[in-house]
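This is a walk through one protein model, taken element by element. Keep the sequence and the coordinates open while reading.

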Amino acid sequence: MRISLGLAFAGETMIELIEQHDELPSVFRETLKLRGAHGFHHWAVGARDFEDSVAHYRARGYAEAFSDTAPMGFRVVYFDTTRDLPGMLEVIEMNDAAEQGFHQMYQAARKWDGKTHTVHQVES
């Protein structure tokens with residue numbers, strides 16, 4: 001799948017907007033088909049012990065819906081938690097690259113003057 005992500009902070013909360021540019025099956029496309037509309041997709045949690053966190057959600061019976069390595073160099077796994085929650089759960093490997101990248105975005109948001117904008121593009 002080909003996607004674009006828009007990440008921003010509102011206070012302490014990160015918001016992620018996702019646009020898929022093709023019709024290939026994906027964790028995003030399938031949710032849209034089921035729902036019939038755009039909207040909330042997932043929560044995310046950072047995991048310093050990624051393997052233990054992934055095992056924790058598997059042990060609770062949540063199926064892995066998607067996994068990948070992000071362009072910034074950390075792993076992610078989406079779990080289908082829709083039997084209990086109104087969306088999926090993304091587990092993010094909080095390694096040095098993730099910590100640095102998210103911290104830079106957070107600091108930029110704190111310093112934002114409400115007028116100028118900055119775009120960082122990452123190709124994968």
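Which residues of α3 are buried? The model is a predicted one, and in it the buried residues of α3 are A98, G101, F102 and Y106. They span an arc of only 130° around the helix axis, which puts them on the same side of α3. What do these buried residues pack against? Their partners are β1 (3–10), β2 (13–20) and β6. The face of α3 turned away from the buried side carries D96, R110 and K111, which are exposed.

At the start of α3, a side-chain oxygen of N95 comes to within 3.1 Å of the backbone nitrogen of A97. The segment after α3 contains K115. With a relative accessible area of 73%, K115 is over the 50% cut-off and therefore counts as exposed. Between K115 and I18 there are 97 residues in sequence and 23 Å in space, taken from C-alpha to C-alpha.

Helix α2 (residues 50–59) can be read in the same way. Its buried residues are F50, V54 and Y57. The arc they cover around the axis is only 65°, so they lie on the same side of α2. That buried set packs against β3 (42–47), β5 and β6. On the other side of α2, D52 and A59 are exposed. Just after the helix, G61 adopts a positive phi of about 90°.

How many bridges join β4 to β5? Strand β4 (residues 63–69) and strand β5 (residues 75–80) run antiparallel and are joined by 6 bridges. Within this pairing, T69 stands opposite R75 in β5. The two strands form a hairpin with 5 residues between them, and in the turn G73 has a positive phi of about 100°. Strand β5 also pairs with strand β6 (residues 88–93), again in the antiparallel sense, over 4 bridges. In that pairing, Y78 is placed opposite E90 in β6.

Y78 also takes part in ring contacts. A search of the whole structure gives 6 aromatic pairs. In one of them, F28 and Y78 have ring centres 5.8 Å apart and planes at 90°; that angle is over 60 degrees, so the pair is edge-to-face. This pair links distant parts of the chain, since F28 belongs to helix α1 (residues 27–35) and Y78 to strand β5, 50 residues apart. Are the two residues buried or exposed? F28 is buried, because its relative accessible area of 9% is under the 20% cut-off. Y78, at 4%, is buried by that criterion too. Ring pairs also bring in F66, so that F28, F66 and Y78 are linked into a cluster.

Definitions and conventions: Residues are numbered from 1 along each chain as its sequence is written. This is a predicted model: local features need pLDDT of at least 70, side-chain atom pairs count only at pLDDT 80 or more; totals for chains, interfaces and linings use all residues. Side-chain values use heavy atoms; hydrogens and water are left out. Two strands pair if DSSP finds at least two bridges between them. Buried means under 20% relative accessible area, exposed over 50%, partly exposed in between (1.4 Å probe, protein chains only). The arc is that of the directions from the helix axis to the C-beta atoms. Contact means heavy atoms within 4.5 Å. A polar contact is a pair of N or O atoms within 3.5 Å; within protein, one must be able to donate a hydrogen and the other to accept it, and residues adjacent in sequence count only if both atoms are side-chain atoms. Rings of Phe, Tyr and Trp (its six-membered ring) pair if their centres lie within 6.5 Å; planes under 30 degrees apart count as stacked, over 60 as edge-to-face and the rest as tilted.
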